[in-house]
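Hi,

Here is the structure I promised to pass on to you. Have a look at it first, and then read my notes below.

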Amino acid sequence: MGLLSLAIWTPIAFGVLVLAMGRDEQARTVRWIALIGSILSFLVTLPLYARFDNGTAAMQFVERATWIPRFNINYVLGVDGLSLWFVLLTAFITVIVVISAWEAITERVNQYMGAFLILSGLMVGVFASLDAMLFFVFFEATLIPMYLIIGIWGGPRKIYAAFKFFLYTLLGSLLMLVALIYLYWAAGGSFDILTWHRLPLAAGVQTLVFFAFFAAFAVKVPMWPVHTWLPDVHVEAPTGGSAVLAAIMLKLGAYGFLRFSMPIAPDAAREWAWLMIALSLVAVIYVGLVAMVQQDMKKLVAYSSVAHMGFVTLGFFIFNPLGVAGGLVQMIAHGFVSGAMFLSIGVLYDRVHSRDIASYGGVVNTMPNFTAFALLFAMANCGLPATAGFVGEWMVILGATQAHFGLGLAAATALIFGAAYTLWMFKRVYLGPIANDDVRQLSDINAREFLMLGILAVAVLYMGIHPKPFTDVMNVSVEELLRHVSASKLN
């Protein structure tokens with residue numbers, strides 16, 4: 001079994017194992033098995049980076065096996081500079097989420113841990129698939145464990161949020177399935193994604209294919225105006241569900257634009273780039289303004305995620321190396337920062353059982369160690385230099401300025417809005433005198449929480465100070481993608 005197959009099936013196997021372990025009497029054993037499984041799953045991905053050749057845009061670690069020969073559907077895996085980091089990021093965040101749930105989840109522990117481990121393997125499968133039907137199966141299968149995580153361990157309106165999440169993402173995917181079937185016949189009966197990249201599609205067909213993919217990927221990102229499911233889901237989801245949703249699942253849609261929309265329909269992508277840029281700027285600016293008036297911490301960070309993901313799609317559709325690479329870096333950075341933000345909110349919620357900003361005030365007086373971590377993550381969310389949140393946004397702004405000064409200026413305003421709503425929340429929650437008895441009785445983070453937040457803090461700082469390992473992996477693949485997109489198929 002190859003490394004990519006191990007990265008997919010190791011967490012799934014451990015997930016099935018903990019599911020089979022029965023009731024909560026075995027919760028302690030389940031937690032340790034889940035932690036061991038998540039760590040092993042992450043360790044399996046490290047050789048992918050160690051052995052990755054930065055000098056080629058070709059797919060690496062390719063695995064191929066026949067799956068459904070009648071329809072030429074194959075089990076084909078591979079990664080390039082566009083996908084490698086997301087395999088590692090998925091496995092990394094899974095370890096953090098398992099640690100975060102150690103004490104917070106006390107009922108159906110085996111089902112909770114099993115759902116996250118299985119979800120981790122499925123998401124790795126999305127990033128590694130080179131067969132379109134395999135991609136579709138993994139892409140849709142991720143809905144099931146996340147639906148259960150929201151619907152079982154969520155808040156008071158968890159059923160509503162779970163249904164909204166499932167319906168929004170499933171309806172968008174139905175149009176993508178139609179496009180996949182069309183491309184299968186256009187390619188002479190092949191689901192090979194790399195073959196599809198070379199298909200000479202007419203202008204009208206490209207437009208239809210582009211918007212069919214747009215329906216699935218824009219909802220997943222989510223782009224404005226199909227973003228309304230995200231705040232509701234974040235508010236109701238358990239802390240680990242919010243962390244994985246923001247850190248990884250939103251990236252599945254953005255990755256789809258790079259792997260499908262842009263290389264398969266390059267002329268349509270260039271023709272409709274103005275629309276993608278406009279929607280991205282609305283997300284960056286308008287949704288940032290919406291975030292400022294939120295009273296629920298989770299909802300504020302959820303809207304913040306929409307705004308930050310707007311930078312990603314903006315970078316992709318300005319079609320220059322700085323923009324596309326900046327979008328990719330922003331995806332990775334957002335994985336670290338948004339995950340840390342939601343986990344920090346979870347630390348407070350576990351103690352006070354409220355996400356309302358008005359329920360807090362003066363937390364620094366009773367939780368100084370935790371407040372130091374929260375400040376770092378808030379600064380990263382603002383895009384402070386030397387943190388992960390700065391690098392991708394800065395690259396996108398530079399790329400946007402190269403394309404058009406007005407674009408760069410509009411994108412830069414998001415840094416102001418991001419700082420405004422993040423610091424406003426931090427001030428009301430953490431600073432000032434102790435606001436009430438709940439805050440007065442708070443205890444600072446324990447060793448487990450310190451470890452969880454400390455690991456994320458190291459990742460946020462390392463990427464901000466030394467982003468070169470991240471950008472080196474993707475540079476050649478980004479250049480190859482842009483060469484492909486700039487070469488018209490309309491001959």
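**Aromatic pairs and the overall fold**

Searching the whole structure turns up 35 aromatic pairs. Rings of Phe, Tyr and Trp (its six-membered ring) pair if their centres lie within 6.5 Å; planes under 30 degrees apart are called stacked, over 60 edge-to-face, and the rest tilted. One of the pairs joins phenylalanine 210 and phenylalanine 211: it is edge-to-face, with 5.4 Å centre to centre and 90° between the planes.

Before going on, please keep in mind that this is a predicted model: local features need pLDDT of at least 70, side-chain atom pairs count only at pLDDT 80 or more, and totals for chains, interfaces and linings use all residues. Residues are numbered from 1 along each chain as its sequence is written, and side-chain values use heavy atoms, leaving out hydrogens and water.

Are the two partners buried or exposed? Phenylalanine 210 is buried, at a relative accessible area of 0%, while phenylalanine 211 is partly exposed, at 26%. Here buried means under 20% relative accessible area, exposed over 50%, and partly exposed in between (1.4 Å probe, protein chains only).

Another pair is made by phenylalanine 214 and phenylalanine 257, and this one is tilted: 6.5 Å centre to centre, with 50° between the planes. It links distant parts of the chain, as phenylalanine 214 lies in helix α9 (residues 203–220) and phenylalanine 257 in helix α11 (residues 239–264), 43 residues apart. Helices (H or I, at least four residues) and strands (E, at least two) are DSSP runs, numbered from the N terminus. Phenylalanine 214 is buried, with a relative accessible area of 17%, and phenylalanine 257 is buried too, at 0%.

The charged end of lysine 220 sits over the ring of phenylalanine 139, 4.6 Å from its centre. For this, NZ of Lys or CZ of Arg must be within 6 Å of the ring centre and within 35 degrees of the ring normal.

Now for the whole protein. How many helices and strands does it have? The protein has 21 helices and two strands. Of its 491 residues, 64% count as buried. Its C-alpha atoms fill a box of roughly 70 × 55 × 40 Å, taken along the principal axes. Residues 24 or more positions apart account for 81% of the contacts (heavy atoms within 4.5 Å) with a separation of 6 or more.

Enjoy exploring!
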